[in-house]
Amino acid sequence: MNRRRCVSVAITVVCALTVLAGPAHAAPAPTPSPGAGAPVAPKKSLEEVRAEIDALYRQAASATDAYNLAEEQAKKQSAEIVRLSKAIVDGQERIDDLKRRAGAAARAQYRNGGIPEEAKLVLTDDPRLFLESTNRVVQGQKATRDLLTELQKRQDDLETYTRDASAEYGRLEANRVKQARTKKLIQDRIAAAERLESRLEVAERERLRELERQAQNDAQAKWLASGALREIGSSATAEGRKAIAYATAQIGKPYVWGAEGPDSFDCSGLTLRAWGAAGRGIPRTSQEQWRLLPRVAVRDLRPGDLIIYFADASHVGIYVGDGRMVHAPRPGRDITVAGAGSMPILGVVRPDK
């Protein structure tokens with residue numbers, strides 16, 4: 001089988017396995033004999049394959065973000081339940097201690113014929129002074145009873161909240177498991193696409209990479225031609241410079257799903273650690289970074305800002321100035337500097353606003 005036919009078969013199988021592909025195509029049939037009139041299966045170009053693989057990676061990134069968020073939420077809820085359980089134990093110990101002390105005081109009063117032990121210390125020939133002292137003791141006992149009542153109410157409320165929190169954890173954990181299954185399904189398809197891509201000849205794989213670079217360069221050129229860069233002129237803050245320094249120091253390290261460093265990163269893992277190095281905690285995923293961080297107009301973009309890409313906020317990079325950004329592209333690629341407009345921009349967020 002000649003090289004062109006190998007490429008055609010591999011391309012056809014990629015299309016059949018990808019989520020975004022249309023109906024599967026069979027391998028090209030043998031050339032029909034003259035007059036047979038048999039239809040020839042359409043062939044996918046390398047450019048079409050590249051676009052489909054890129055779309056599949058974006059879908060995988062979105063699914064991974066959803067999983068990472070679900071895992072983080074379940075982990076936080078689990079920690080909250082542990083905290084609440086400890087608070088219940090501590091509260092019950094405090095209530096038990098107060099009850100023991102109140103009971104001891106009551107028993108002592110009974111043994112003394114109804115006169116509080118504390119009142120004996122102030123027995124005097126002055127009836128007014130004796131009554132005032134006794135009244136203070138009685139008021140103290142009432143305050144203890146009131147405190148016990150309030151503590152018990154808080155304890156009941158805490159136990160109710162803990163039950164609700166446990167139910168919420170069950171819901172979050174079920175969602176985490178669901179997102180894990182979705183992530184696994186997509187990653188299986190990604191692995192299949194990667195295996196098929198690896199079977200292409202070296203020249204064809206390099207051609208795929210060249211098509212990828214060309215698509216990014218074309219998008220960047222279009223973005224620059226729009227005049228966007230002419231309106232951008234702000235300088236980075238001290239925190240922004242620290243975030244940039246961290247991100248650029250990671251250039252050359254590989255992209256790995258869900259990684260947060262130090263040896264590998266995914267796109268939002270890189271931005272998380274970069275701004276963490278600048279002393280700012282930000283959400284874990286690109287989707288949550290877009291949802292929760294302060295937004296700024298693209299024309300107000302400054303170094304250190306996070307650029308969110310694609311309609312589903314499935315990718316993020318750190319703007320470094322001069323129309324460039326640092327990002328972790330996708331599996332099989334390393335952290336690199338790329339054009340800020342090399343992918344469709346959804347918007348910009350500013351962690352230190």
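Predicted model: local features only at pLDDT ≥ 70, side-chain atom pairs only at ≥ 80, totals over all residues.

Me: Is α7 mostly covered or mostly open?

Reply: Helix α7 is mostly covered, with eight of its eleven residues buried. Buried means under 20% relative accessible area, exposed over 50%, and partly exposed in between (1.4 Å probe, protein chains only).

Me: Which ones are buried in α7?

Reply: They are Cys267, Ser268, Gly269, Leu270, Thr271, Leu272, Ala274 and Trp275.

Me: How do α6 and α7 pack?

Reply: Helix α6 (residues 238-249) and helix α7 (residues 267-277) pack at about 130 degrees, and their axes are 7 Å apart. Axes are lines fitted to C-alpha atoms, for helices over the stretch in contact, and angles run from 0 to 180 degrees between N-to-C directions.

Me: Why are they called oblique?

Reply: Angles under 35 degrees count as roughly parallel, over 145 as roughly antiparallel, 65 to 115 as roughly perpendicular and the rest as oblique. The helices α6 and α7 are therefore oblique to each other.

Me: Which residues make that contact?

Reply: From α6 come Glu239, Gly240, Ala243, Tyr246 and Ala247, and from α7 come Leu270, Arg273, Ala274, Trp275 and Ala277. Contact means heavy atoms within 4.5 Å.

Me: New topic: where is threonine 248, and what does it touch?

Reply: Threonine 248 lies in helix α6. Leaving aside residues up to four places away in sequence, threonine 248 touches Val320 and Val326. At 32% relative accessibility, threonine 248 counts as partly exposed.

Me: What about α5: what should its span be?

Reply: The 24 residues of α5 (residues 202-225) should span 34 Å at 1.5 Å a residue, and its end C-alpha atoms are 34 Å apart, which agrees. The expected span is 1.5 Å times one less than the number of residues.

Me: And how many helices and strands are there in the chain?

Reply: The protein chain has eight helices and six strands. Of its 353 residues, 39% count as buried.

Notes:
Residues numbered from 1 in each chain as written. Heavy atoms only, no water. Helix = DSSP H or I, 4+ residues; strand = E, 2+ residues; numbered from the N terminus.
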